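Good morning, and thank you for joining. Please bring up the sequence and the model; I shall speak about the ligand, then a helix residue, and lastly some strands.

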Amino acid sequence: MKTIAAIATAQAAAGIGIVRISGDRAIEIADKVFVTASGEKLSSRSGYSAALGDVYDGKTKIDKAIALLFRAPKSYTGENVVELSGHGGPYVMSRILRAVLNAGAEPASPGEFTKRAFLNGKLDLSEAEAVMSVIGAKGEAGHKAALNALLGHTSKKISELAAKLTKICAHLAVWADYPEEDIKELSEESLIASLTTIKTDLFNLINSFDAGKAVIDGIETVIAGKPNVGKSTLLNLLSGSEKAIVTPHAGTTRDIIEETVRIGNVTLKLADTAGIHENISSEIEEIGVKRAVLRMERAPFVIIVLEAVNELTKSEEELLRKAAEKKVLVAINKTDLGVKLDVNKVKRYTENIVYISAKSGEGLQELISAAESILGTADFDSSEPILITERQRKLVKTAYECVSEALEAIKMGMTRDAVNISLDGAVNALLELTGERASEAVVDELFKSFCVGK
Ligand code: GDP
């Protein structure tokens, strides 16, 4: 396998920056660009060692650095690895990387180091996915949950369930194939009991996904409402609250501004807040609402702002109707001016209603608690195994459906063979999750979402 290299640290001015090299030739290539202060070659040193020295591109000295040496299999990737820690400036880092590439390494693709770690059995697929979640975690609960997944809590649970199902499959298969042998048949009762427990475990895992996503990555959220109801004021209140962190950053794929706001243990990714700030006159309220409906299509969570002082308009009802298909929270704003709005009309669409004054901050805590309970993070236990990617959720859902099918088949008195086919499907899905039975295409796709250098 070719030897790869990439800058592993962020491309910004920093105390140090790291160029990582991994592969059979990593040490030999590092020796071409790095001269240790003692003159001793890295290739004559043992693993887990550090050496001070200078980095050269050809004859030009480009930095003073530390080389960390790891020998296969005792490294992140399981291969020979050298990490050159130089001065963390984007230019100097690009020069070190160029020197390493000139010396014979190939540029690493996104996630290629972790992919090699997976291929070399250092971690399974669900743990590999947790690597990016730890990097992306935005708060304490999210970090803890992602770290637990990285440390193997989720894969242990999945492997346990797969093992239980495999055992049941094996038993059923032997019994079906050799009915004349004296193999104790699993009683229907105990079979149903075991499968029901597994089904419940799978169900709990599926349920962990939304809450986990809300605390780890953040949940795409839209604040919608007609003009002048107080959407921007609410956004500012959320951003400005003591517990909130606001990080404006340009969307990577779309050229819009996205703001991340943390309230309680939930991270809200407020998509397209530019739309909120737009000043649309009330004559074109419908246009504003249409636009909000469009934005809502992409977001699983919607906060609808209504005015306490006015009756519901037709377009607001339309908004409520559309939002009812999602997780929705209605914030009745401007309560400091009195409440005229008929709340029973709102209750036709949702019971998730809070009263606030975005201007004074009144009701903020109620809004946070309501969001936490709607998103399931109120009693989120970050020490429980959780699913952290859509891929994982889909596979566990498949396993769940297969086990449900098997239970149906038993209850309908179908042959044990038929039951076994469903259970096989469940085992396959779970083993694809851990990577034991994942195809090359699945593995390739998964690592594409990683950053280069990880
Ligand atoms: P947007 O168009 O929905 O973003 O509305 P804004 O946030 O710009 O607010 C419209 C107007 O309502 C501004 O003058 C705000 O100061 C005012 N406003 C917002 N929230 C409240 C509130 O809770 N009470 C009162 N009295 N005024 C509010």
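Which residue has a polar backbone atom 3.0 Å from an oxygen atom of the ligand? Glycine 230 has a polar backbone atom at that distance from a ligand oxygen. Before continuing, I note that this is a predicted model, in which local features need pLDDT of at least 70 and side-chain atom pairs count only at pLDDT 80 or more, while totals for chains, interfaces and linings use all residues. Residues are numbered from 1 along each chain as its sequence is written, and side-chain values use heavy atoms, with hydrogens and water left out.

A polar backbone atom of lysine 231 is 2.8 Å from an oxygen atom of the ligand. Serine 357 contributes through its side chain, with a polar atom 3.0 Å from a ligand oxygen. Of the 580 Å² of accessible area that the ligand has on its own, the protein covers 76%; these areas come from the Shrake-Rupley method with a 1.4 Å probe.

The shell around the ligand has 16 residues, the closest being Asn228, Lys231, Ser232, Thr233 and Asp336; a residue is near a molecule if one of its heavy atoms lies within 4 Å of it. By type, the shell comprises five nonpolar, six polar and five charged residues, with Gly counted among the polar ones. Helix α8, residues 231-240, gives the most to this shell, with three residues. Helices here are DSSP runs of H or I with at least four residues, and strands are runs of E with at least two, numbered from the N terminus.

I turn now to threonine 434, which is located in helix α15, residues 416-434. Is this residue buried or exposed? Threonine 434 counts as buried because its relative accessibility is 5%, where buried means under 20% and exposed over 50%, with a 1.4 Å probe and protein chains only. Beyond its neighbours within four places in sequence, threonine 434 is in contact (heavy atoms within 4.5 Å) with residues including Phe118, Asp124, Leu125 and Ile158.

Finally, the strands. Strands β1 (residues 4-7) and β2 (residues 14-22) pair antiparallel over four bridges; pairing requires at least two DSSP bridges. They form a hairpin with six residues between them. Strand β2 also runs antiparallel to β6 (residues 81-88), joined by eight bridges. Serine 22 of β2 is the bridge partner of isoleucine 4, and valine 81 in β6 is a bridge partner of serine 22.

Conventions: Polar contact = N/O pair within 3.5 Å; in protein donor to acceptor, adjacent residues only side chain to side chain.
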